[in-house]
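Subject: Structure handover

Hello,

Here is the structure for you to look over. My notes on it follow below.

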Amino acid sequence: MSGAARWRLLSDLHLDVTDQDPRYPGRVLAGFLRREVPAAPGPQQNVAFVGDTFELTGCSGDGSVARLEAIRARHPGTFEALQECAARGVQLHFVCGNHDVELARPSVAARLAALLSPAEPARVQVHPWFLHVPGVLVAEHGHQHHALHRIPDILRTAVNGTDGLDLPPLAAWNADQSRSRLGRAGAVAQACLASERAERRVREPAYAELLQAESFRLGLDGVAVRDLARLSRFRTVSALPRAATRMALAAAGRSAAVGKPPAAAVRVARTLEAHGSGVAWYISGHTHRALESALGSRPTRYVNTGTWCSDVRGRGPDQSDRRVFPFAVVDVAPDGGTSGGLRYWRPDAGLSSASAG
């Protein structure tokens, strides 16, 4: 991934076995790919989906593959457009989010590659944790820094999916909505204890081996990878009060996060810099709030890719106009310099730039 390149990054399409979202993200994606992602010659073209591309929550084993097949059957045009991209030399990347962590399961990743690029499966890459382009960008979904969604030992998903993993607290609350509120609260309490145990496992030798293997795949120093894995540690005593505060603000129509990059973005950038692996761009999704912003005085710039589904929570133009879809673009020059930022796409008007944060 060296030399001139263009990266387009988007997230949170939430493609499911139905096609009822009023924004029809799958259909819009097909048009975007065909109109905006050219074939070679030129810079290497990359399209990265920064998590929650598919709805695979609650699946395990063969069920994950079956759900992926069902989503393809519901969105044939979307998959055809992705196939066309791969066939003309575009590299496709899928970063796992909390709604499609099962993509990391080897059988699911292999099936996705076979569906989208049967002739060259390597054109399709699944990243269980984050995508790293040295000196250029780090892209992760962002749920690892949201305590109630965090999966501390996330790399285990690339071994056996979510089999044997405990549900994060918020997933435990939503797992069985037929239960009483007291029963669901008990499930959350158990999930908090399980998350605390998982944080301890991250420091054990068995997980250190997974981190070392991931450092080779990412092309990133092993100590840096270890420090990133421990960056947003789950702690019940702080996670629950923060969650309660966010819920209270949301109920009052307010949000402490509006217009600001998450604190975790600064921590990630600072950690990478400390290990001599700083990047020009840190990109995430998860919050459904499209945003571009500086990270204080740091050289890394932050972009949140928002969402292509109808659950828009930001204050950008996509909030008031359902025909506006956010994404990030990062251009890499032959000398390694970068440019880009948050962009918005309209199916009926093409590309427009976002104002700087």
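On the α8 side, Leu 211, Gln 212, Ser 215 and Leu 218 take part, and they meet Gly 222, Val 225, Arg 226 and Ala 229 of α9. By type, the residues of this contact are four nonpolar, three polar and one charged. Bear in mind that the model is predicted.

Now the geometry of that pair. Two packed helices are described by the angle between their axes and the distance between the axes. Helix α8 covers residues 205-218 and helix α9 residues 222-229. They pack at about 115°, and their axes are 9 Å apart. The crossing of α8 past α9 is right-handed.

Leaving out residues up to four places away in sequence, Ser 215 touches Leu 220, Asp 221, Gly 222 and Val 225.

Next, helix α2, residues 62-74. Its 13 residues should span 18 Å at 1.5 Å a residue; the end C-alpha atoms are 19 Å apart, which agrees.

Which residues of α2 are buried? They are Ser 64, Val 65, Leu 68 and Ile 71. These four cover an arc of only 120° around the axis, so they sit on the same side of α2. In general, an α-helix has 3.6 residues a turn, so residues three or four places apart point the same way. The buried residues of α2 pack against α3 (76-87) and α4 (106-116). Asp 62 and Ala 73, on the other side of α2, are exposed.

Best wishes

Definitions and conventions. Residues are numbered from 1 along each chain as its sequence is written. This is a predicted model: local features need pLDDT of at least 70, side-chain atom pairs count only at pLDDT 80 or more; totals for chains, interfaces and linings use all residues. Side-chain values use heavy atoms; hydrogens and water are left out. Helices (H or I, at least four residues) and strands (E, at least two) are DSSP runs, numbered from the N terminus. The expected span of a helix is 1.5 Å times one less than its number of residues. Buried means under 20% relative accessible area, exposed over 50%, partly exposed in between (1.4 Å probe, protein chains only). The arc is that of the directions from the helix axis to the C-beta atoms. Contact means heavy atoms within 4.5 Å. Axes are lines fitted to C-alpha atoms, for helices over the stretch in contact, and angles run from 0 to 180 degrees between N-to-C directions. A crossing is left-handed if the near helix is turned anticlockwise from the far one by less than a right angle, and right-handed if clockwise. Ala, Val, Leu, Ile, Met, Phe, Trp, Tyr, Cys and Pro count as nonpolar, Asp, Glu, Lys and Arg as charged, and the others, Gly among them, as polar.
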